[in-house]
Amino acid sequence: MEKRIRVSQVTVPLKHEIRQVIKKACHIAGIRESDILSYEIAKKSVDARRKEDVKYSYSLDLILNRGVRYKKDPRHIREVVDTGYQPEPIGDTPLQRPVAVIGSGPAGLFCAYLLAKYGYRPLVLERGKCVEERQQDVEKFWRDGVLSSDSNVQFGEGGAGTFSDGKLNTLVKDKNGRNRFVLETFVSCGAPEDILYAGKPHIGTDVLRTVVSNMRKEIIRMGGRFYFSSKVTDFETANGQLSALIVNDEKKIPVSAAVLAIGHSARDTFSVLRERAVSMEAKSFAVGFRVEHPQDGIDISQYGDLADRSLLPPAAYKLTHRAANGRSVYSFCMCPGGYVVNASSEEGHLAVNGMSYRARDSKNANSAVIVSVTPADFPNPEDPLSGIDFQRTLERKAWLAGKGRIPQQRFGDFEASVCDGTVKKEKDDKFLCGDAEAKHDIFLLYGDRKDTEVDNVLLPDDRKNMKANSIPPSDDRRAGTEDFMTIHTGIEDFPSCVKGTTVQTDLRGILPDELQAAFAEGMHAFGKKIAGFDRPDTILSAVESRTSSPVRILRDESYQCNIRGLYPCGEGAGYAGGITSAAMDGLKVAEAIMSQYHKFT
């Protein structure tokens, strides 16, 4: 008989070997190394609370014989039971027709994966192309500006998350082991093993494409089928029950059930659902700009300048602020060593997102700094799709501002409303917060930092190391340039790291006034937490509008909507936010289907 104990807060120097971790864990637990049958790393994160002594912190699972005694220290040691993920297909209704999964993002892929694993032979219908062909379309769009409406950053195999940082952290509680199952499945399909224990796991867009392709191959091996360039354009019902799907306006596919894993940008499908009287409601989300800073500056602010940063990952951050006007402002989808990308999916409209490769080795860090909006902000709060209208208005303004290119502007110029060398002084400019103009004359290399988060570890207040460097004004404010101009800060050259063509222009007016005010206030608040976050040459890109679904498709405890047999699922349906939570929701919906239907025999 064996038992497993988890020893937490095992700290070691940045440069170390795993044997040192094991030795210290045994010391904490009061056991000998010879008592260990095996071990697993449960978690690894950075402890940067003391800048003069940045360390790695581990949680280590030690597998012992049942008779081995260890210290009773609930702060550092607890016994854990690994039950694993064990869904129970108990449905007894025979499947007369296939189960279709509409969409192959994380929710759709994991729903299809579980159904295929248990013999349900799902039919996956994806409006976009397979990930290999989709990648070519996306790169062509970034290079030439030629947009494919159904094969782009939003649509295609893998979903919107395929062209992102590939973050896998989630705040969803996981009593049933779904999160672990998701991570283990990713690893079995080619993801690096460190996602199983990293404090902030991430795959990277380049590796994620391979993982997605391998998941499809495994689903097919287990009996599933994939059809690409197959957009579901209508739904047929009989007596309130889903009976068939119409694909590409012409092909009819009879189904017993269908999973709506359509993603947050399937606006045409939402319109069809409204026409078919599917119960939906508008929901809150957030909008703003994507902001870029030199990654080295973020690293120094988070880790200090004493740590050997070659032994550390590029630093991340997570920031929140409550603005004076009551709006929540927060960082979102932070991409260390990443790129800003043109994430548009509709002609004449423009949206941006962030993306990182596995190595996270670009010169810049970027994140969305976004402001909360509610249905009260939408043109018609009673219309469940009014949030889409709100998004489209912002995206149209962004497209017009850049004439199809990503519109960019320096934060200092945004506040002063400077574009093309002209300062537009506005007497009613209420959101030049306090001494903002004075702040624009200096770059706080350390600054007035308060607690902030990096890799799940709190960083302490470090105001003692304040130092300032003068910044000469930017010497190039020409509008209409194809690529963002190199900006001279007096410290380093700071160009944008971006996928897609760009243009410098005025971003004022893209967001409503109240949101602009909250955004600027939030930037200065974040500048007190991370040194130089509100530096005047911070690069803003517009517009970040696809942070989450503006719609929720209502479902009951059986995970079905008011049309029986139709299962809303994932981020697009309003039940997830990010790759992991969407994948876990896909598993939940698959479990619901398996609890009602019996697999094919």
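**Helix α2 and its crossing with α12**

Helix α2 passes helix α12 in a right-handed crossing (the near helix is turned clockwise from the far one by less than a right angle). Helices here are DSSP runs of H or I, at least four residues, numbered from the N terminus. This is a predicted model: local features need pLDDT of at least 70, side-chain atom pairs count only at pLDDT 80 or more, and totals for chains, interfaces and linings use all residues. Residues are numbered from 1 along each chain, and side-chain values use heavy atoms, without hydrogens or water.

The axes of α2 (residues 106–117) and α12 (residues 579–596) come within 7 Å and cross at roughly 40°. Axes are lines fitted to C-alpha atoms over the stretch in contact, with angles from 0 to 180 degrees between N-to-C directions.

Contact means heavy atoms within 4.5 Å. On α2, the contact is made by Pro106, Ala107, Phe110, Cys111, Leu114 and Leu115. On α12, the residues include Ile579, Ala582, Gly586, Glu591 and Met594. The contact residues divide into 14 nonpolar, 1 polar and 1 charged (Ala, Val, Leu, Ile, Met, Phe, Trp, Tyr, Cys and Pro are nonpolar; Asp, Glu, Lys and Arg charged; the others, Gly among them, polar).

Of the 12 residues of α2, 11 are buried, so α2 is largely enclosed by the rest of the structure. Buried means under 20% relative accessible area, with a 1.4 Å probe and protein chains only. Gly108, Leu109 and Tyr113 are among the buried residues. Just after α2, Gly119 takes a positive phi of about 85°.

Technical notes:
Helices (H or I, at least four residues) and strands (E, at least two) are DSSP runs, numbered from the N terminus. Buried means under 20% relative accessible area, exposed over 50%, partly exposed in between (1.4 Å probe, protein chains only).
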